[in-house]
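Open the model in your viewer and keep the selection panel at hand. Each stop below says what to select and what is there.

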Amino acid sequence: MLKQPIGSDPRAGIGPSKLDHNEILRSVSLYCLTQSFVSSVFMYFQNAVTGGFRQNYTRPMTDAPMLYSAFKYNVGFWPPDAVAKVGNLVEYFNHDFGGHFPGVDNPPALIQDLREIGRYWEY
Amino acid sequence: MLNHGWPGSFLEFVPTIMPLTEAATTTTGGNVSFHVVVPSLPGFAFSSAPPANWTTIDTARVYNTLMTKVLGYEKFAVFGTDWGSAPSYSLYESYNQSTRVAHFAFIPFLPIPRAQFEEQNITLNSSLLEFEQQQTEAWSATGNAYLLLQNTKASMFNSL
């Protein structure tokens, strides 16, 4: 078993998790071979002033539905009452498996949550 | 549109892409399948580095143009996680004619400290929510030194 990466379910690579050594090496290789590590962190300071991550929770004008998926080991956590302050929250899914990279940490759960978008889509 | 974060990439979504394109049902029995678009954030993988003074608001503007004018989707749904939640939220907030559903696994807001929960009417009514709150508090206490480096000393990485 892998040493637990920050924000990742300790069951990495087990059950629904695709987060095995190969997956990590693939991601590291992509950053390395495209020489994009430095440019990938530009975003942090470029948005530090304009507030990429904001302090004030305000409700936008849009009426569009908003869904949220929480995963047990994610480093970032916003309770349903907090998420509801910033949008028209219609679903809050919470999963006891997975973490910060749900598309590899718990893909079946993310896939099903994304499919629920269909319930709120107006053609 | 699925938007990755840092230190991720389009690879984060590879296991989800094929299943999402296939015919499936929602939990209420409706038919659902998707066209899936997975852009790389500026500066990531094969995407060019962001110009000076570029923000995630600019990224949202470009993504809206990509979806509507380039790819021809009059309306679309967006999913965002980590830093990908910032342009995704800007799309939700500022392009509501085209962004008709938004879905997040992370939102671009600083988490509300537990000490303010009562005045902000926030309750944690399950052991899973409580566990998750403790996880994020642990990250804030001992897991986010990289964040300070990248906010203030990013060019240092050039010399490593």
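The tour starts with conventions and then moves from a helix to cores, loops and backbone details.

This is a predicted model, in which local features need pLDDT of at least 70, side-chain atom pairs count only at pLDDT 80 or more, and totals for chains, interfaces and linings use all residues. Residues are numbered from 1 along each chain as its sequence is written, chains are lettered from A and ligands numbered from 1 in the order in which they are written, and side-chain values use heavy atoms, with hydrogens and water left out.

**Stop 1: helix α4 of chain B**

Select residues 127-142 of chain B, helix α4. Helices (H or I, at least four residues) and strands (E, at least two) are DSSP runs, numbered from the N terminus. α4(B) has 16 residues and spans 22 Å from first C-alpha to last, close to the 22 Å expected at 1.5 Å a residue. That expectation is 1.5 Å times one less than the number of residues.

Now colour by burial. Buried means under 20% relative accessible area, exposed over 50%, and partly exposed in between (1.4 Å probe, protein chains only). The buried residues of α4(B) are B:Leu128, B:Leu129, B:Glu132, B:Gln133, B:Thr136 and B:Trp139. They sit on the same side of α4(B) because they cover an arc of only 140° around the axis. The arc is taken over directions from the helix axis to the C-beta atoms. On the other side, B:Ser127, B:Ala141 and B:Thr142 are exposed.

What lies over the buried residues? The cover includes β1 (65-71), α4 (80-83) and β2 (88-95) of chain A, together with α5 (145-152) of chain B. Contact here means heavy atoms within 4.5 Å.

**Stop 2: the nonpolar cores**

A nonpolar core is a set of buried Ala, Val, Leu, Ile, Met, Phe, Trp, Tyr and Cys residues joined through side-chain atoms within 4.5 Å. Select A:Tyr57, A:Tyr68, A:Trp78 and B:Ile107: of the 44 residues in the largest core, they touch the most other members. The largest share of this core, four residues, comes from α3(B).

Centre on B:Ile107. Not counting residues up to four places away in sequence, B:Ile107 touches A:Phe53, A:Tyr57, A:Tyr68, A:Trp78, A:Val83, A:Val86 and B:Ser85. A second, separate core has 19 residues, including A:Phe93, B:Phe13, B:Ala24 and B:Phe79.

**Stop 3: a helix pair in chain B**

Select α2 (56-70) and α3 (85-94) of chain B. Their axes come within 8 Å and cross at roughly 65°. Axes are lines fitted to C-alpha atoms, for helices over the stretch in contact, and angles run from 0 to 180 degrees between N-to-C directions.

**Stop 4: a buried glycine**

Go to A:Gly99, in the loop between β2 and α5 (102-105) of chain A. A:Gly99 is buried, at 0% relative accessible area. Leaving aside neighbours within four places in sequence, A:Gly99 contacts A:Gly7, A:Asp9, A:Phe71, A:Tyr73, A:Asn74 and A:Asp105.

**Stop 5**

Most residues other than glycine have a negative phi, and most peptide bonds are trans. Select B:Trp6 and B:Pro7: the peptide bond between them is cis, with omega near -5°. Next, A:Gln35 has a positive phi of about 50° and is exposed, at 72% relative accessible area. Finally, B:Asp82 has a positive phi near 50° but is buried, at 8%.
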